[in-house]
Amino acid sequence: MCGSSNKLDIFAIFSEVQLSKAYHDNYIKNLKKIYRNTDDTIFMRDFLKCLKVVLVGSEKNQTVDLALDFIAKFCTSVDFSSEATSPFLLTIFEFLFQNHDCSNTSVRFNICRLINRIMNNLGANASLEEDICERIITTMINRIQDTNAGVRVQAVLSINRLQDPSDENCRVMKVLLFHLSRDPSAEVRCAVISKIFITKKTLMAILARMRDVKDLVRRDAFIVFSRLSAQNFSIRQRQTILSSGFLDSSPKVQECLKETLLPKWLSACDDNFVNFIRLLNIQDETVLDVAKKCLHVFFNDREKLDLVEYMQGYLVDRTIPYNDLSPELVFVWRALSEYLRSQDIEKNSDLLEQILPELTLLVEYIKGYSLKLSSSPTDDVIKTAKNKFVLETALEMTSLYELADEVGRQNLSQLCVSLLHEPSVHGKTACVVVDRLAWAIPDANERILAIVEVISDLREPFMDIEMAEGDVTQMRNAEVEKTQLRERLEMLNREQSEAAEAEDFMVAKEIQLEIMLLERKLAELDTSGDTSTIGGPVLENIDPEILEKCLLIIKEMVDNKDVTKMTPTLCSLLDNFIRPAFQKNVGNPTVRLLSLELMGMFSLLDASLARKQFIIFCFLISSGSDVALKIVFDMLLKYGLRLFNVGKPDDDVNAELDENSARESSRRDERRSNTDNKNDVINLLASLLDCKTREIRNITADGFCKLFLMGHLRSPKIFASLIAMWFSPMTAEDSEWRQRFGLFLSAFTVTYGAQTVLERAFLPTLQMLFDPDSDSQLAEVDPDSVAQVFVKLTNPDVSPNKSEESTHNRLALKILNEVSKKQPKNEKSEKIRVLMRTLTLLTIQSDDLDYLSDLIARSEKLTHKFNMLGDKTCYRLAVKFSAMVNEVKHLSEKNTKSEICNTLDQTNSKVSFNTESAMKENSNLAPSTKDSLADLSEVNENESRIDISCLEKENESDSDNSSSMNDDNSIIYIPKRKNADETDVVPCSDDDDDDDDDNNDGAHQPSETPSSDVAHKNSLRTSVVPSSDVSDCLSTSSQDCSISTRLSSASSRATRSQRKVARQDFGKNSQELSNSAADSPIIRSTRSARKTRRN
């Protein structure tokens, strides 16, 4: 009885603990008492019965969760000691190990969850026997491979405490790392990220999860990073974490970065912005934008006044002392100034003035810092880099000022010119100085002259030492005079052209004489001044670093958006400095590369110069210059192919000649030699698509894509090569280019003429796959995948011009023609199968019945052909395509009939409107005119009235409303109006009855009809035509609206003879129209419908 009573107590306790967690501790005490007073075997038997009931419970059941929590607490509180594992707990573990692979998902889930709860309740200093730990690891590793994601999550949570970071071969950590990167469930990956121990190896795996496809996984990765100090990561890892967070597309990830990670990292730096920036190494240009975003996040969370007070702690007279200057501090100074400037200027102007001096004072500050650097040069590379960064950042702060400060701009321009003369200013610093000079001197020509003077000054110190000072001055004056002469010559040439266009030949002749005098004087200066010393030998004596600095300055100057055309100064710079630098520095690749880039930039400023230098760049392409390749494509994009006398490929859509044009065909032979030369450039560029160098290949492909988008190129052959390159295994590892090309395809398909290019590139692309070169990798490409891409790109829904014929329709004919050709003996049958499979993927959309009939005929021929050859695959595909076209044809015929009915309905509505107008006119006619209308109505009553009884018998849903018109005397057949429950009726006339009688069909034999039907017809006729007068008017108007109008306008004194003539003419015309209407297709279809119904 005691055992039974304890059993009831155990069951009652388990029932109560499922209701609330508040009394778990009391019930654990009661259950311990029962455990001590009851035999172990009996207690374990009853306890396991209750446990089994709980394990079977649903995964999301709250009562089950409470019960499992109670069981875990009880198991870890009974006979538990740090030295040995409790026997009761060992028994529970043994039961769980035996049943962990149960077929019931809920049982497996709850077992893993119970083990997890037990492991969590053991305490921080608890220990288990080694064999128990091994069995737990083995069991949970099996459950991590479970098919249910929830079970895998609980298994991960169960073994997280059994990880051993000190053991490189730890089984638990290996399994967790595997599922962190390979598990298909995002919940499992999140669980692993949250529970795995952080080591160097696991940290790299978690960093890789920042690119996970699920934003929840990426967010959990940032949560893990926020738990760690920033010092636990390398500088590169910090930069990667912050840049990935700001660039993430998910708002959840960005919110986690801004609200969780950044505040914790900043608090670890004592809330000091400068200390935080030191963690990122801002001297790396790639991290400047990320560092600025981080500072703006911090600024947004603080009051602007507090920010100004923080910055003032480092400033003295609104500037940072030279001894305290550091890259981090000056960067925070600049970032805070830009932040206040970007906010409301009126509200923050006072705050900005507290931390930023006037432009003139800032220029003096920068000048003093530059003099300090020049006076104390250092060989320390790190210190030199820091000084350069500080100088560049201080110069960039001048962009915060307005152009209205004229004095400040003049001081800044003088500072920039003096800095360019400094030997320590080179590289990026020189580019920054030129950029600030462009801001200080808005006029492009004035700025160019200032920079040319700087370049001239930089070259002169490296001239021949024996040259006297007077000779140097003389040469400089000669250069200035020659520059002025060239500018004057250009202006005179322009005036001479304008005078010639105005036919003022006297003025043009005078200008020509002046031009000749200036050219002669310029030639004398060239010979007497020994300009070869300036253009040639001087360059040989210039230090390569100075030469590189000069070229960088020129490049930054020309790259400005204000420089839009070639000037005499730039022409002189190109002829006397850049070209000699390119020609005479073969051993210096940096100088040669910069010179080549400048020649290309100058070519983009002037079309005639581009035409002259185009062949030079093409020659350099053959020698493997990627810069020359970029320049050639830029020139083709800006000026097109025609400027350089470059012919379009033979298969270019825009270059095709009209086959019917005899004149063009006769000239083709004469121009063939020239065309071959023109196409050499395009062929040279196209051959680079097979280049093994990735950079050259990608530049070429991107260039062709741009030419296609700009409309300069429409070559199906080149497009086929691009598609083949996209699918080629050669570009399998180049995922970035493949993504770019995919974006190009989505943009190109909607451009004008793109569908034609796609259509004509289809067969050549497949031909390249079926007949690849011996050294090509295209044999590994699946032709079906390529064909499916073409089908998607040419889908009728993609085409921008819906009025044009569908590209799929044209592709169907091309494929049918290709398959119908007599194939060579060695031709692979796989090609035919690919084409036939593609044929079944097309979407045929056409209302042209002749075209559809042609497709059906061709497909039937192919069906017969494949049936004779025994090719079952192609036979089934041909039958499938034939069925598709037949369905389209059936729908097209049905739509055609519907359109005819709609057209007739519209015509009838117009006739009804005209009839009502005629009725109104008739009501105002004289009595004689009404009599004439009545006579006409009586004469032609049998020929014009609609047989209502016949129409009611022929109540047919697919009837056609016939309307026959002929010149002025036309008979309009007006159908009877329908009630709501009536179907359409087919209009007919007595002429149809006559034709049917001639054919001995008996279509209009009088039928016996019950009197009720007759009464119904009479009532129907009365409801449709309310009055006899209106009936007569409708009858007359339906016979001949033009005659009714003519008679209504006749005089009331018309004679009876005139009415007789009118009746005779009307009868003749009515007979002729009736005969012609009898042969119309609409009437014939109506007759055939009647015959079918009678039969």
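Author: Let's start with a term: buried means under 20% relative accessible area, exposed over 50%, and partly exposed in between (1.4 Å probe, protein chains only). The model is predicted, so local features need pLDDT of at least 70 and side-chain atom pairs 80 or more, while totals for chains, interfaces and linings use all residues. Residues are numbered from 1 along each chain as its sequence is written, and side-chain values use heavy atoms, without hydrogens and water.

Reader: Why does Phe298 count as buried?

Author: Its relative accessibility is 2%, and the cut-off is under 20%, so Phe298 is buried.

Reader: What makes the pair of Phe273 and Phe298 stacked?

Author: Rings of Phe, Tyr and Trp (its six-membered ring) pair if their centres lie within 6.5 Å; planes under 30 degrees apart count as stacked, over 60 as edge-to-face and the rest as tilted. Here the centres are 5.9 Å apart and the planes at 5 degrees, so Phe273 and Phe298 are stacked.

Reader: And why is the pair of Phe47 and Phe88 called edge-to-face?

Author: With centres 5.2 Å apart, the two rings have planes at 75 degrees, so Phe47 and Phe88 are edge-to-face. Both Phe47 and Phe88 are buried.

Reader: How do you know that Arg592 lies over the face of Phe582?

Author: A charge sits over a ring if NZ of Lys or CZ of Arg is within 6 Å of the ring centre and within 35 degrees of the ring normal. Arg592 is at 4.1 Å from the ring centre of Phe582, and lies over its face.
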